[in-house]
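Thanks for coming, everyone. Let me put the sequence and the structure on the screen, and then we'll walk through a few places in it.

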Amino acid sequence: MAREADVLQPPERVEQRLARWEEHLDTVVPARPAGPSVRIATWNLRVFGGLTKAWTTLQDVSPKRNFTDLLMIAAVLRRFDVVAVQEVRGNLRALRHLMKVLGEDWAFILTDVTEGKDGNPERLAFLFDTRRIKLSGLACELVVPLERDGGVGPGELDRQFARTPYAVSFFSQGQTFTLVTLHVVFGDHAAERVPELRAIAEWLAGWAEQEFGWNHNLIALGDFNIDRVGDPLFEAFTSTGLVPAPQLAGLPRTIFDDPGAGHFYDQIAWFTQGQRNRPVLTLDPVAGGHVDFVPELQGESTLAQLSFHISDHYPMWVDFAITTD
């Protein structure tokens, strides 16, 4: 019987490929800013659940994602301090092996599976480097009250969020911040996303006002499924004062976007000074970007094939300088 492959013992050809990928990442993800800082990212990892426990996936084998792919994904994740990950599935095999690759300094926290057709069935997760990031106590799924006095207008949303947003508070270098990640349901038509986006924006605004007394930084990030800046989806998203990270403006979000005609699905956003009774961002966003893995990792695969090995979305990140009194 052939010995089962070990994700921590890659063959030489995979080690060489990984070394080339690491060298490339050194050129596209810059050194951290001087002084205390935190690097926050979001990445929709397509159908991140099953895993083929081999270094190469044969043509007729499913799932396509394999041990080599996990090493490439882990090399990206290590560039960040905390990452919001969408599309983690009920099957945790890929996540368990990814955490093994990342090592004992990394931890994760995630939701249960969201059941139902629109749930898909997905989890929302945060992965973080415990040498730089600690949990600070809060972890909750956000459920919108549908009553008239619940902060969402009558008729704007006739159900709960398809995949309930997930809020977790973290602590790093003397600063507490709360991250709220979400994955807005795509639906059959763009207009179907508007009520959910508006309800999320209104819920976040109301929730932020409750958190005002704690004076915590509040950052929303994830896959908002926004098509264009200025369209009804974007207007719903920003209707209560959420400001998307300017460092990410104009960057493509998915590997299928045409040059100059990209979508703006993935966002990192926050409330700014001047919003009534809402935590003002004291973290200073100083840089940001995305990681385009296609040129280095596509090889002979089609884009569709690559999307099931790595993802159809790019990881997006922002560097925040931590200012201390």
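**A serine, a helix and a sheet**

Start at serine 307, which lies in helix α7, residues 303-309. Helices here are DSSP runs of H or I with at least four residues, strands are runs of E with at least two, and both are numbered from the N terminus.

Ground rules, quickly. This is a predicted model, where local features need pLDDT of at least 70, side-chain atom pairs count only at pLDDT 80 or more, and totals for chains, interfaces and linings use all residues. Residues are numbered from 1 along each chain as its sequence is written, and side-chain values use heavy atoms, with hydrogens and water left out.

Back to serine 307. Is it buried or exposed? Serine 307 is buried, at a relative accessible area of 0%. Buried means under 20%, exposed means over 50%, and partly exposed is in between, with a 1.4 Å probe and protein chains only. A polar atom of the serine 307 side chain sits 2.6 Å from the backbone oxygen of alanine 304. Leaving out residues up to four places away in sequence, serine 307 touches Arg46, Arg65, Ile255, Phe256 and Asp312. Contact means heavy atoms within 4.5 Å.

Next, helix α3, residues 93-102. Seven of its ten residues are buried, so α3 is largely enclosed by the rest of the structure. The buried ones are Ala94, Leu95, His97, Leu98, Met99, Val101 and Leu102. What covers them? The cover includes β1 (37-48), α2 (67-77), β2 (82-89), β3 (106-110) and β4 (122-129). After α3 comes glycine 103, with a positive phi near 100°.

Now the sheet. Six strands form an open, mixed sheet, in the order β5-β6-β7-β8-β10-β9. β5 (134-141) and β9 (242-244) are at the edges with a single partner strand each, so one side of each has no neighbour in the sheet. Two strands pair if DSSP finds at least two bridges between them. How do β6 and β7 pair? Strand β6, residues 166-172, and strand β7, residues 175-183, run antiparallel over seven bridges. Alanine 167 stands opposite valine 180 in β7.

Last stop, leucine 138, in strand β5. Leucine 138 is partly exposed, with a relative accessible area of 30%. Its contacts, not counting residues up to four places away in sequence, are Ala167, Val168, Ser169, Thr178 and Trp207.

Note on methods: A polar contact is a pair of N or O atoms within 3.5 Å; within protein, one must be able to donate a hydrogen and the other to accept it, and residues adjacent in sequence count only if both atoms are side-chain atoms.
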